[in-house]
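Please report on the local structure of this protein.

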Amino acid sequence: MTFVHDGPEGLLIKAIPEQFPVIKVNACSNEGSLLATYAAAKSISGDIYYVEDDYLHLPHSIKLIALALPSLGLVTGYDHEDRYVRDDDLSFGKEKICFELASQHHWRTAESTTCTFAISEAMRSKVQPFADKFKLVDRALFRKLYKKGIRLWTPIPGLVTHVDTALAPGFDWAAFNEEMARHRNKKTTN
């Protein structure tokens, strides 16, 4: 696994385990960082997981995403609130639900997500050119992929959440974040 870090060094880069390589970029903008990450990914083989810096992950979420990826192809760990409140999704009323055996988790199709998503190695050649073209316009990206017959899968309940006002439903993310903060504080005082 390789991490791409944009911006000043601080808590985020310190959270990356030391055994993993880090590619440092200095774009200091959402789009610049995303494009630098896409460029770095071109030299990396295998499955790829693009993650924005404002997401909380449950302890085993990355493992579960990786386990589901070979059979599902294009996934996000974020069960976006929009999928429950919008009625203008292209996939509205056409969602599929499955129990994916390797991850032992329920997954559903979704029209779109944010720029935090994973692509299997087998799907990269189909998905990455569109990701490069649409850049930060994430909903348009996933709608285009949907029209091309490429489905995005999201776990139920979510394994990660965007830390904005639309937290993934079905989990107490505030309590989880507080517990993680206590754990970090405990490590720094020891």
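## The buried face of helix α2

This is a predicted model. In helix α2, the buried residues are Ser33, Leu34, Thr37, Tyr38, Ala40 and Ala41. Viewed down the axis of α2, these residues fall within an arc of 160°, so they line one face of the helix.

Several elements cover the buried residues of α2. Strands β1 (3–6), β2 (22–25), β3 (48–50) and β8 (117–119) are among them. Helix α5 (124–134) is another element included in this cover.

## Arginine 124: buried, without a salt bridge

Arginine 124 belongs to helix α5. The residue is buried yet has no salt bridge. Glutamate 121 is the nearest side chain of opposite charge, and it is 5.9 Å away.

What does the side chain of arginine 124 reach? Another is the backbone oxygen of isoleucine 44, at 2.8 Å. Alanine 41 is also one of the buried residues of α2.

Leaving out residues up to four places away in sequence, arginine 124 touches Ala41, Lys42, Ile44, Ser45, Gly46, Ile48, Ile119 and Pro129.

Most residues other than glycine have a negative phi, and most peptide bonds are trans.

The peptide bond between isoleucine 156 and proline 157 is cis, with omega about -10°. Proline 157 lies in the loop between β9 (152–156) and β10 (160–162).

Two residues other than glycine have a positive phi. For cysteine 28, phi is near 50°. Cysteine 28 sits in the loop between β2 and α2. For glutamine 104, phi is near 55°. Glutamine 104 sits in the loop between β6 (97–100) and β7 (105–110).

Are these two residues buried or exposed? Cysteine 28 is exposed, with a relative accessible area of 53%. Glutamine 104 is exposed too, at 52%. The cut-off for exposed is over 50%, so cysteine 28 at 53% and glutamine 104 at 52% both pass.

Methods. Residues numbered from 1 in each chain as written. Predicted model: local features only at pLDDT ≥ 70, side-chain atom pairs only at ≥ 80, totals over all residues. Heavy atoms only, no water. Buried < 20%, exposed > 50% of the residue type's maximum accessible area, 1.4 Å probe, protein only. Helix = DSSP H or I, 4+ residues; strand = E, 2+ residues; numbered from the N terminus. Arc of directions from axis to C-beta. Contact = heavy atoms within 4.5 Å. Lys, Arg positive; Asp, Glu negative; His and termini not counted. Salt bridge = Lys/Arg side-chain N within 4 Å of Asp/Glu carboxyl O. Polar contact = N/O pair within 3.5 Å; in protein donor to acceptor, adjacent residues only side chain to side chain.
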